[in-house]
Every structure is written in C-alpha cells, then in structure tokens.
Amino acid sequence: MTAELLALLARTISGANVRWVDCEPDTKQRIYFANHTSNLDALVLWAVLPPEVRVLTRPVAARDYWAAGRLRRHLAEKVFHAILIERKRPTAHDNPIRQIIEAMDETGSIIIFPEGGRFSGPDPMPFKSGLYHLALKRPAVELVPVFMESLNRILPKGEVLPVPLLGSVTFGTPIQLLDGESKPAFLKRAWRNIVKLRDL
C-alpha cells in the first residue's frame, strides 16, 4: 500500500471535515499537537495534510501499539514513517525526546499527542512534559494546536471495524514557548489552545 492510497483510505473512513483557523498549510517545520481519543488519530491527522506537507511530516506513535503485528509495523514504518517511541518504560538509552529531535532533523515536522495516551472525555487530559521539552529544544519551530472530534466514535476502543460517522480536524493558531515561560504555564496554555478550538 502506498502512502497516497493509505491517506485516501484514512480520509474516506473518517469523513474528516478539515478547517484551518488563523493558520494555513505550510511546508515550514512544525510540531502539530493534538488531543488523542482514537487509534485513528495519528493516521487521520497525517492524511488530511496537503501532500506537500504530509511528505515532510511524521507522526510520533506508541511502539507497543504500532509494532504489534506485521501489518501495523509495516504501515507505521514503511508507509507513514511514524517515529515509534517507548511510552511505558523509557530509558536514557531509549529517550523519546532525543529520538524525536533526531528524527525531525532540520526540516521535518511531527505530529504528537501530549496527553500521552487516549482519553475520550470532553476535555483532553493534562499534558505531559514532552511538548515543553520539544519546544525548549526547538524554540523557532511553530507549534500548531489541533482539535480532533468524533474519531473515537468512528473507531471505538477495542473495535476493529470503523463506524460510518463524520469526524473533524481543526488546526489553530501556531504558538511558541515564551521567554521565561515555566513548564506548567506553557503546558496549560497549549492545552487551552486545543480546548478553545472545540468551541469554534
């Protein structure tokens, strides 16, 4: 399966309505950070990006999920080129932040889910510190908030076949780490930037 075919399939399954609010698609290096409710999230967010942006963008994904089984591993590694990280027992040797920074190089963009896992509540869970450390190490890179809606109903947890419903993906105004901004303040501000997209 080619990347373009997989992207088309993901867009068809999700029926995703895409909105860009005070933000436009761009090939500049970015960190797209989104709420996380479904195993479809990484694939759909990647798929709705324009082709010239998508080719430069790699989802950060949980190794324990995407490396389980030959098909998932093939899709993750060979088709949408995910950065597979250890989320449960990271070590100094297997450090996710270092791995992501190295994979970004100087031009690549990434997709990340700062909650650290799926959550289907009305609001995202508080963000873990990874997004802050990435912003600290790459201060010039734009951070684009993304709110994804209804994907957990299209592919509920534990299900294999998707339900034909319409999802939505909303890209918001890019932010950056402010000079002297503390980790808690930054993470709360980033969280609020996703939540406010839900209410547009």
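What follows is a quick tour, from the overall picture down to single residues.

Keep in mind that this is a predicted model. The protein has 200 residues, and 48% of them are buried. Its secondary structure comes to 9 helices and 7 strands.

**The overall picture**

- If you take the contacts with a separation of 6 or more, 73% of them are between residues 24 or more positions apart.
- The accessible surface comes to about 10,300 Å², and carbon and sulfur atoms supply 56% of that.

**Aromatic pairs**

- How many aromatic pairs does a search of the whole structure find? The count is 5.
- Take Tyr-32 and Phe-171: their ring centres are 5.9 Å apart and their planes sit at 85 degrees, so this pair is edge-to-face. The cut-off behind that label is an angle over 60 degrees between the planes.
- Tyr-32 belongs to strand β2 and Phe-171 to strand β7 (residues 168-171), so the pair ties together distant parts of the chain, 139 residues apart.
- Both Tyr-32 and Phe-171 are buried.
- Phe-33 and Phe-127 make another edge-to-face pair, with 6.3 Å from centre to centre and 85 degrees between the planes.
- That pair also links distant parts of the chain: Phe-33 is in strand β2, while Phe-127 is in the loop between β5 (109-112) and α7 (130-137), 94 residues away.
- Are Phe-33 and Phe-127 buried or exposed? Phe-33 has a relative accessible area of 0%, so it counts as buried. Phe-127 comes in at 10%, so it is buried too; the cut-off for buried is under 20%.
- Tyr-32 and Phe-171 also share one aromatic cluster with Trp-20.

**Charges over rings**

- Which residue has its charged end over the ring of Trp-191? That would be Lys-188, at 4.3 Å from the ring centre.
- Arg-54 lies over the face of Trp-46, 5.7 Å from the centre of the ring.

- Thr-57 is in strand β3 (residues 57-62).
- Its relative accessible area is 2%, so Thr-57 counts as buried.
- What does the side chain of Thr-57 reach? It gets to the backbone oxygen of Val-53, at 2.8 Å.
- Beyond its neighbours within four places in sequence, Thr-57 is in contact with Tyr-32, Trp-46, Leu-49, Ser-109, Ile-110 and Ile-111.
- Two of those names have come up already: Tyr-32 is in the edge-to-face pair with Phe-171, and Trp-46 has Arg-54 over its face.

**Helix α5 and what comes after it**

- Leu-75, Ala-76 and Val-79 are the buried residues to look for in α5. They span an arc of only 120 degrees around the axis, so they are on the same side of the helix.
- Which exposed residues does the face turned away from the buried side of α5 carry? Look for Arg-70 and Lys-78 there.
- Just after α5, His-81 takes a positive phi of about 50 degrees, although it is not a glycine.
- His-81 is in the loop between α5 (70-79) and β4 (83-85).
- With 42% relative accessibility, His-81 counts as partly exposed.

- Asp-22 is another residue other than glycine with a positive phi, here near 55 degrees.
- Why does Asp-22 count as exposed? Its relative accessible area is 65%, and the cut-off for exposed is over 50%.
- Val-21 has a relative accessible area of 22%, so it is partly exposed.
- Leaving out neighbours within four places in sequence, Val-21 is in contact with Thr-170, Phe-171, Gly-172, Thr-173 and Leu-200.

Conventions:
Residues numbered from 1 in each chain as written. Predicted model: local features only at pLDDT ≥ 70, side-chain atom pairs only at ≥ 80, totals over all residues. Heavy atoms only, no water. Buried < 20%, exposed > 50% of the residue type's maximum accessible area, 1.4 Å probe, protein only. Helix = DSSP H or I, 4+ residues; strand = E, 2+ residues; numbered from the N terminus. Phe/Tyr/Trp six-rings, centres within 6.5 Å; stacked < 30°, edge-to-face > 60°. Lys NZ or Arg CZ within 6 Å of the ring centre and 35° of its normal. Polar contact = N/O pair within 3.5 Å; in protein donor to acceptor, adjacent residues only side chain to side chain. Contact = heavy atoms within 4.5 Å. Arc of directions from axis to C-beta. Areas by Shrake-Rupley, 256 points an atom, 1.4 Å probe, with all protein chains shown as cover.
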